[in-house]
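Me: I am new to this structure and would like to learn how to read it. Could you take me through some features, one at a time?

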Amino acid sequence: MKSNKNTQPHHKRNEGIPFDASLFEDINVNRSAVERRAATLSGRRSVKKQWQAAWLLKAVSCIDLTTLAGDDTESNVLRLCAKAKSPIRLDLLEAMGMKDAHIQTGAICVYHNFIKDAKKGLTGSSIPIAAVSTGFPAGNIPLKERLKQIELSVAAGATEIDIVVSRDLVLRSDWKTLYDEVSACRKACGDAHMKTILATGEIPTYTKVAKASWVSMMAGSDFIKTSTGKEPVNATIPVSLVMIRTIREYHELTGYKVGFKPAGGIGKAKQAINWLVLIKEELGDDWLTPDLFRFGASSLLGDIERQLEHYVTGRYSASFRHPMA
């Protein structure tokens, strides 16, 4: 099995472009066409045996291992970091010939208050620390306070910042104000990469999702992300397809590669493979790296490890055998 070392290729960061509503104002997404395309994904793709194992190891390297609970503690975060550094049991890696592949998760994602604990837990690793910011998850605080949150998280050691957009601006189609807000957040991030959360479960149409994606990328987002994980509806294949196609169109126009992160409700290995196949078919192999694709997930890793144990042993284990599931 080919090495799946979590190395990130270098590409030019998205510096953004000047606001130009003419680039997206005529977008009108055909909902039925999007949903028909999405429905074909799992129905005509079946990945088995060693190929399934390889895809699942790729998925592990793209997970933002996340804890955003109200009862988070230092010990929880330290356990999360330990799992991020060693996400798959050594005996399973040895059985697959992947002991020296240096597999780790794409990042860990925590609240601001736990950045210092994450730094301690990730000592000796290259795993990025992502912090949610800007009044996560609702974002309903003044812009000045949102920008200060970003600056504090970057100063504390976060190398990635997950921001949330003002949904009222999307609902009112106030695209210039949205552009200005996201641009200000991008500036506050400095060298830290910025993932912009659209909270698509609170956006009523695919057309508005596409336009919000365009505005976020124009304003300099390094990633666009579906959800906070706190909405009633989180990441879905249809909404991901809409966002991924805007990423492709933006790249064709500007040459900038913007990453994509589905988040919320992705807890099964089969779901992970569906998203990876979607990325491969719509954007190509360049996006199949943690540099340009992430899952926002907490329970996904446990199910992937169970599937890999089944591949190695032919038996499914209980979920409690896989900590941090």
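Me: Where is Asp 222 found?

Reply: This is a predicted model, and in it Asp 222 sits in the loop that runs between helix H9 (206–218) and strand E6 (223–225).

Me: Is Asp 222 buried or exposed?

Reply: The general idea is to look at the relative accessible area, where buried means under 20%. Asp 222 has 5%, so this residue is buried.

Me: Which residues does Asp 222 touch, leaving out those up to four places away in sequence?

Reply: For this we look for heavy atoms within 4.5 Å. Asp 222 touches Arg 13, Asn 14, Arg 186, Ala 192, His 193, Met 194, Val 258 and Gly 259.

Me: How do I read Phe 295, and in which strand does it lie?

Reply: Phe 295 belongs to strand E8, which covers residues 295–297. Its relative accessibility is 0%, so Phe 295 counts as buried.

Me: What does Phe 295 touch, not counting residues up to four places away in sequence?

Reply: Its partners include Ala 59, Cys 62, Ile 63 and Asp 64, as well as Lys 261, Pro 262, Trp 275 and Leu 300. Take Ile 63 as an example of a pair brought together by the fold: Phe 295 and Ile 63 are 232 residues apart along the chain, yet their C-alpha atoms are separated by 4.7 Å.

Me: Which peptide bond from Phe 136 is cis?

Reply: As background, most peptide bonds are trans. The bond from Phe 136 to Pro 137 is cis, with omega near 5 degrees. Pro 137 is in the loop between strand E3 (129–132) and helix H6 (143–156).

Me: What about backbone angles: what is the phi of Lys 49?

Reply: Most residues other than glycine have a negative phi. Lys 49 is not a glycine, but its phi is positive, at about 50 degrees. Lys 49 is part of helix H2, residues 49–61. With a relative accessibility of 59%, Lys 49 counts as exposed.

Me: And where is Ser 173 found?

Reply: Ser 173 is in the loop between helix H7 (167–171) and helix H8 (175–189). Its phi is positive too, near 60 degrees. Ser 173 counts as partly exposed, at 34% relative accessibility.

Me: Is Met 98 buried or exposed?

Reply: Met 98 counts as buried, because its relative accessibility is 2%. Its place is the loop between helix H4 (90–95) and strand E2 (107–110). The C-alpha atoms of Met 98 and Leu 57 are 9.6 Å apart, while the two residues are 41 apart along the chain.

Me: Where is Asn 30 found?

Reply: Asn 30 is in the segment before helix H1 (31–43). At a relative accessible area of 44%, Asn 30 is partly exposed. Its C-alpha atom is separated by 9.9 Å from that of Val 242, a residue 212 positions away along the chain.

Me: Now the chain as a whole: how many helices and strands does it have?

Reply: The protein chain has 12 helices and 8 strands. Its C-alpha trace spans about 55 × 45 × 35 Å along the principal axes.

Me: Why does the radius of gyration agree with a compact globule?

Reply: A compact globule of 325 residues would have a radius of gyration near 20 Å, and the protein chain has 19 Å, so the two agree. Buried residues make up 55% of the chain. Of the contacts with a separation of 6 or more, 78% are between residues 24 or more positions apart.

Me: How much accessible surface does the protein chain have?

Reply: It comes to about 13,800 Å², and 51% of that belongs to carbon and sulfur atoms. As for charges, the chain has 44 positive and 35 negative ones, with mean positions 5 Å apart.

Conventions
Residues are numbered from 1 along each chain as its sequence is written. This is a predicted model: local features need pLDDT of at least 70, side-chain atom pairs count only at pLDDT 80 or more; totals for chains, interfaces and linings use all residues. Side-chain values use heavy atoms; hydrogens and water are left out. Helices (H or I, at least four residues) and strands (E, at least two) are DSSP runs, numbered from the N terminus. The radius of gyration is taken over C-alpha atoms; the globule rule is 2.2 Å times the number of residues to the power 0.38. Buried means under 20% relative accessible area, exposed over 50%, partly exposed in between (1.4 Å probe, protein chains only). Accessible areas come from the Shrake-Rupley method with a 1.4 Å probe; for residues, only the protein chains shown count as cover. Lys and Arg count as positive and Asp and Glu as negative; His and the chain ends are not counted. The place of a charge is taken as NZ of Lys, CZ of Arg, CG of Asp or CD of Glu.
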